Amino acid sequence: MATAALCCFTRRGEPLVLAQKLGAGGEGDVYAVQGKAEWAAKVYVPRNRTAEREQKLLHMVENPPHDPFAKQGPQHVAFAWPLELLYDEGRRFLGFVMPRLRLEHSALLFQVYHPLEARKRGLSWKFRLAVAHNLAVVLEELHAKGYVVGDLNESNFLVQRDGLVTLVDCDSIQVQAGRRVFHCRVQKPEYTPPELQGKSYSSVTLRPEHDAFALAVLVFLLLMQGRHPYAGKGVQTPEEGIRAGRSLLEGLEPGVGTPSPGVLPAPLRRLFLRAFRPVARGRP
């Protein structure tokens, strides 16, 4: 059964027709935009069409981060960033327009660091190192504009065949507009830094240092065959290891099949140790 076309409008009153549904989620659905092959539209479910969300997205539309991969050409974007807000005929907020990503040329970050998936795709350690570098580059640009991802995890990034990455689900990040902070409302415990374990991101103003912890976890996963730095013998879950301050670099015994952190160059091990410290002890 074909999806009925949905007509909506930009802030300036430009009509847009949404037809083919590209994806569905708990917050809203994503549609193709007729006549705009380079765009996709996210329409929130009614409970999420709030004035607070509209104001947050408006700030993002007017203050986009610099794309560090812009010189690579228009075929790639670093951020699935809100480009324009969408309204119905009564000027009621519906959602936003963002770049449409070509998923057929992308892999999930999980598929890049998982040993079996990486082997199937012929992805080398050198390729994964390049991906790790590109993750850091994208976060640096985001932080430079005052944004913090917050819920930074393996689901946030798509990876292209050339190792370039795209940050997705950008509408969930923490946004600071003047004195007002629009908090990130979700998080994964296995990427939550020790000082925030047990706390909700929805009530905490995050800093770039908090993203640095999650980034270090992602980089470790990329370089250590998908092994979490806080998963090993003697802990039930990674978050238990995080709370106890026991990582594979700090006395936690590796599980079966986990490579020793000793395979990493000493300067890289020192960077990991620094990133895994609580903020009070000097995380970058």
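**Close-up views of a predicted model**

View 1. Leaving aside residues up to four places away in sequence, T10 touches L16, E84, L85, Y87 and R91. T10 sits in the loop between β1 (6–9) and β2 (15–24). T10 counts as buried because its relative accessibility is 0%, and the cut-off for buried is under 20%.

**View 2. Helix α1 and what covers it.** Helix α1 spans residues 51–62, 12 residues in total. From its first C-alpha to its last, α1 reaches 17 Å, close to the 16 Å expected at 1.5 Å a residue. R53, K56, L57, H59, M60 and V61 are the buried residues of α1. The elements covering these buried residues include the strands β4 (39–44), β5 (84–87), β6 (93–99), β10 (175–177) and β11 (180–182).

**View 3. The largest nonpolar core.** This core has 64 residues, and those with the most contacts inside it are L109, V131, L135, L142 and F157. Helix α5 (residues 208–223) gives the most to this core, contributing 11 residues. Apart from this core lies another one, of 11 residues, with V33, W39, L86 and V97 among them.

**View 4. Contacts of F157.** F157 is one of the residues with the most contacts inside the largest nonpolar core. Not counting residues up to four places away in sequence, F157 touches A107, L108, L109, L135, V138, L152, V165, T166, L167, V168 and L218. L109 and L135, which F157 touches, are also listed among the residues with the most contacts inside that core.

Technical notes
Residues numbered from 1 in each chain as written. Predicted model: local features only at pLDDT ≥ 70, side-chain atom pairs only at ≥ 80, totals over all residues. Heavy atoms only, no water. Helix = DSSP H or I, 4+ residues; strand = E, 2+ residues; numbered from the N terminus. Buried < 20%, exposed > 50% of the residue type's maximum accessible area, 1.4 Å probe, protein only. Contact = heavy atoms within 4.5 Å. Expected span 1.5 Å × (residues − 1). Core = buried A, V, L, I, M, F, W, Y, C linked by side-chain atoms within 4.5 Å.
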